[in-house]
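Student: Bring up the model, please. I'd like to talk through some of its packing.

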Amino acid sequence: VGDRCYEEGMYEAAKLLYNNVSNFARLASTLVHLGEYQAAVDSGRKANSTRTWKEVCFACVDGKEFRLAQLCGLHIVIHADELEELISYYQDRGYFEELIGLLEAALGLERAHMGMFTELAILYSKFKPQKMREHLELFWSRVNIPKVLRAAEQAHLWAELVFLYDKYEEYDNAVITMMNHPTDAWKEGQFKDIIAKVANVELYYKALQFYLDYKPLLINDLLLVLSPRLDHTRTVNFFSKDAMQYAAESKDAELAEKLLQWFLEEGKQECFAACLFTCYDLLHPDVVLELAWRHNIMDFAMPYFIQVMREYLTKVDKLDASESLRKEEEQVTEPTPIVFGQQLMLTAGPSAVPPQANFPYGYTAPGFTQPPVYGFNM
């Protein structure tokens, strides 16, 4: 009869009947419909079944009785297979704060399990990132690290991501994350501890470049940690490259020449040859020639001198071409004489006519010799 009354919506009658026969599970459901949430929680405690706790909890959430909902929820979250449904119910309705409060209260339970710690960490990453680091430091060993790693990466919590990579012994990923996000994730002591544990040796040299770019004053500290693991020849070449680049950017010829001398003193002929082209514009060919001759390494310097010779010859050719063009422009074209009859008329004007041209035949001006006449009359 109680069930028929319940199905017909006669909840007051069903309440009396269920209470009379001590059917606390059905009584709790009936009390929920009547809005008597506190009584429903009391009946749920007597029924002590997960199904009843869920029904009462969800009803309290819908009624915004979050304190009572939490009391019910504490009996649900201890069952790992029920946790996802409970979380979804809260999240779908936007009650994130209340859900976080429920899980925080559940951490102290005797039957607390990994799922609770993991889901709370994920909720922190989404809604309270400032609390995630503390939670991980306290309970990192009780969370599902791969699952929380994905959540931290999606939330761009780089410091927390490095912390988890370290605990999960993924040292390579931890170092890469710190170098990619130094503002948030890099810490000197932590970096030096982790870089010594990486498996990929290429990360040593990436770390050196990272320090040169961001923390050049701390490069010696890093070298002290890495020196037992580094290939010393490769490391010297690595720094030689940076030294050459610095010298080239400095525009200081004296510095570039000192670097060449240092390479020769250390017996690094290949670096010497590379520096000739890196610092090409700063070097004096006579200095390079003397160094190469004194150390008997002309073969290493010859490509440099070929380039210098080519450059000088190109400049000389350009100067010759310019000089020829200038001379052509300076040349003045002489006027072409025009002859009318037997009188030579110069284009330079009357002043250029010979003196005797204006005197009668047979008269010779002083100092002027009359030219002979050949077979014609004047």
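**Helices side by side**

Tutor: Let's start with helix 11, which passes helix 12 in a left-handed crossing. Left-handed means the near helix is turned anticlockwise from the far one by less than a right angle; clockwise is right-handed. Helices here are DSSP runs (H or I, at least four residues), numbered from the N terminus.

Student: Before I get carried away, what sort of model is this?

Tutor: A predicted one, where local features need pLDDT of at least 70, side-chain atom pairs count only at pLDDT 80 or more, and totals for chains, interfaces and linings use all residues. Residues are numbered from 1 along each chain as its sequence is written, and side-chain values use heavy atoms, with hydrogens and water left out.

Student: OK. At what angle do the axes of helix 11 and helix 12 cross?

Tutor: Roughly 160°, and the two axes come within 9 Å; helix 12 covers residues 158-167. Angles run from 0 to 180 degrees between N-to-C directions, with axes fitted to C-alpha atoms over the stretch in contact. Helix 11 and helix 12 are therefore roughly antiparallel (over 145 degrees).

Student: Which residues of helix 11 and helix 12 meet?

Tutor: On the helix 11 side you have Ile145, Val148, Leu149, Ala152 and Glu153, and they meet Trp158, Leu161, Leu164, Tyr165 and Lys167 of helix 12. Contact means heavy atoms within 4.5 Å.

Student: New topic, helix 18 and helix 20. At what angle do they pack?

Tutor: About 25°, with the axes 10 Å apart; helix 18 is residues 232-250 and helix 20 is residues 269-278. That makes helix 18 roughly parallel to helix 20, since the angle is under 35 degrees.

Student: Is their crossing left-handed or right-handed?

Tutor: Right-handed for helix 18 and helix 20.

Student: What's touching what there?

Tutor: Asn237, Ser240, Met244, Gln245 and Ala248 from helix 18 meet Cys271, Ala274, Cys275 and Thr278 from helix 20. By class, this contact of helix 18 with helix 20 has five nonpolar and four polar residues, and no charged ones.

Student: One more pair: how far apart are the axes of helix 19 and helix 21?

Tutor: They're 11 Å apart, with helix 19 (residues 253-265) and helix 21 (residues 285-294) packing at about 10°. So helix 19 is roughly parallel to helix 21.

Student: Which residues make that contact?

Tutor: Helix 19 brings Glu257, Leu260, Gln261 and Leu264, while helix 21 brings Val287, Val288 and Leu291. Five residues in the contact of helix 19 with helix 21 are nonpolar, one is polar and one is charged.

Note on methods
Helix = DSSP H or I, 4+ residues; strand = E, 2+ residues; numbered from the N terminus. Parallel < 35°, antiparallel > 145°, perpendicular 65-115°, else oblique. Nonpolar A, V, L, I, M, F, W, Y, C, P; charged D, E, K, R; others polar.
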